[in-house]
Amino acid sequence: MIMEEIKVKDLTYSDLDAVAAIHIVAFPKSFITKLGDEIARAYYQWQLDSPDEVYAIGAFKENKLLGFCFGGVFTMALGGFLSSNKLLVLKSVLSHPWILLNPYFFKKSLRGFELLMRFFKKDKIAHRNQEVSEDDPFGILAIATHPENHGMGIGKVLMNESEKYAVKHDFKKMLLSVSPLNLNAVQFYDRIGWDKVYDGKIWKGVMEKEILTE
Ligand SMILES: CC(C)(COP(=O)(O)OP(=O)(O)OC[C@H]1O[C@@H](n2cnc3c(N)ncnc32)[C@H](O)[C@@H]1OP(=O)(O)O)[C@@H](O)C(=O)NCCC(=O)NCCS
C-alpha cells in the first residue's frame, strides 16, 4: 500500500460502524467483542460523547476506515460507558448469557483499564478545550488496524498523529496499558519508542513515552 493514499481524519458518528467492525476483528477476545457489534459501537460512541478530553482519529483509504486510535485524558472510559448504557449492556449480556459462565471474564477485561486509571488523577475530569494540568499524561485508550492491513505502517501513522496532538496540547508524557500477553502490540509499541513502566520488578502492561520538546 502506498502511504500517501492514507488520510488521517477525526472520527465522527458516521464512522462508528466501521470502528466497531475493526474492533471486533482486531480484538476477538475482548469483553466488548463478546457482547456484539451494537455494544462495540455504543462503547466508541460513548468515547466520542464523553466529557473526557478525547482525540479520536481514523486512517482512511478512499473513505474506507483501515484503523483507528482513541487518545486523550480518560477518567471513566469503561466505567462511564457501563453506567450510561446499563440497559443495552444488560440486553447484550442476556443475549450472550454464556459470558457469565466465566467468573474471571469481567475481572480480566477490566484489569487493563484499572491499570491505566491508576496513573490518572482520581478527581480529574478534563473537558474539551479545557486547559489540562501539566502533569496529566495523554492516554492511548485503544488503537487497532484491520488485520488485513497489519504491518503496513498504519498503526505508526495513527500513533504519530496522536503524539503530534499531545505535543500541540502541551502534554509531557503519553501512557497506555496493554496486556503483557499481547506480544504483537508490545513489540509494536517498543518499536515506535515506548518504554515499559515497572511496578517494582514486575511489568503489568503499562507503557509510557516521554514527549521531548525543544
Ligand atoms: C498493534 C497494531 C495497532 C499495530 O498496527 P500496525 O498497523 O500493524 O503497525 P505498523 O505497521 O504501523 O508497525 C509500526 C512498526 O512496528 C513494527 N511492528 C508492528 N507489529 C509488530 C510485531 N508484531 N512485531 C514486531 N514489530 C512489529 C513494524 O514492523 C513497524 O516497524 P518499522 O517502523 O521499523 O517498520 C495492530 O497490530 C493491531 O491492530 N493489533 C490488534 C489490536 C491491538 O492489539 N491493539 C493494541 C491494544 S493495546
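1. A residue is called buried when its relative accessible area is under 20%, exposed when that area is over 50%, and partly exposed in between (1.4 Å probe, protein chains only). With a relative accessible area of 53%, Asp 170 is exposed. This residue lies in the loop between H7 and strand E5 (173-177), and it has a positive phi of about 65° although it is not a glycine. Helices (H or I, at least four residues) and strands (E, at least two) are DSSP runs, numbered from the N terminus.

2. The model is predicted: local features need pLDDT of at least 70, side-chain atom pairs count only at pLDDT 80 or more, and totals for chains, interfaces and linings use all residues. Residues are numbered from 1 along each chain as its sequence is written, and side-chain values use heavy atoms, with hydrogens and water left out.

3. Asn 63 also deserves attention. It sits in the loop between E2 and E3 and is not a glycine, yet its phi is positive, about 65°. Its relative accessibility is 65%, so Asn 63 counts as exposed. Most residues other than glycine have a negative phi.

4. Helix H1 (16-26) has Leu 16, Val 19, Ala 20, Ile 22 and His 23 as buried residues. Because these residues fall within an arc of 165° when seen down the axis of H1, they line one face of the helix. The arc is that of the directions from the helix axis to the C-beta atoms. The cover over the buried residues of H1 includes H2, H3, E3 and E4, where contact means heavy atoms within 4.5 Å.

5. In helix H5 (residues 86-95), the buried residues are Leu 88, Val 89, Ser 92 and Val 93. Their arc around the axis is only 130°, which puts them on the same side of H5. The face turned away from that buried side carries the exposed residues Lys 86, Leu 87 and Leu 94. An α-helix has 3.6 residues a turn, so residues three or four places apart point the same way.

6. A nonpolar core is a set of buried Ala, Val, Leu, Ile, Met, Phe, Trp, Tyr and Cys residues joined through side-chain atoms within 4.5 Å. The largest such core has 29 residues, and among those with the most contacts inside it are Leu 11, Tyr 44 and Phe 70. Elements that each supply at least two residues of this core include H1, strand E3 (64-73), H5 and strand E4 (138-145). The largest share, seven residues, comes from H3. Apart from this core lies another, of 27 residues, among them Ile 140, Val 178, Val 186 and Ile 211.

7. The ligand is surrounded by 20 residues, the closest being Gly 151, Gly 153, Lys 156, Asn 182 and Arg 191; a residue is near a molecule if one of its heavy atoms lies within 4 Å of it. A polar side-chain atom of Arg 191 is 2.6 Å from an oxygen atom of the ligand. A polar backbone atom of Gly 153 lies 2.7 Å from an oxygen atom of the ligand, and for a backbone N or O atom of Thr 145 the distance to a ligand oxygen atom is 2.8 Å. Taken alone, the ligand exposes 930 Å², of which the protein buries 77%. Accessible areas come from the Shrake-Rupley method with a 1.4 Å probe. H8 gives the most to the shell around the ligand, with six residues.

Conventions:
Polar contact = N/O pair within 3.5 Å; in protein donor to acceptor, adjacent residues only side chain to side chain.
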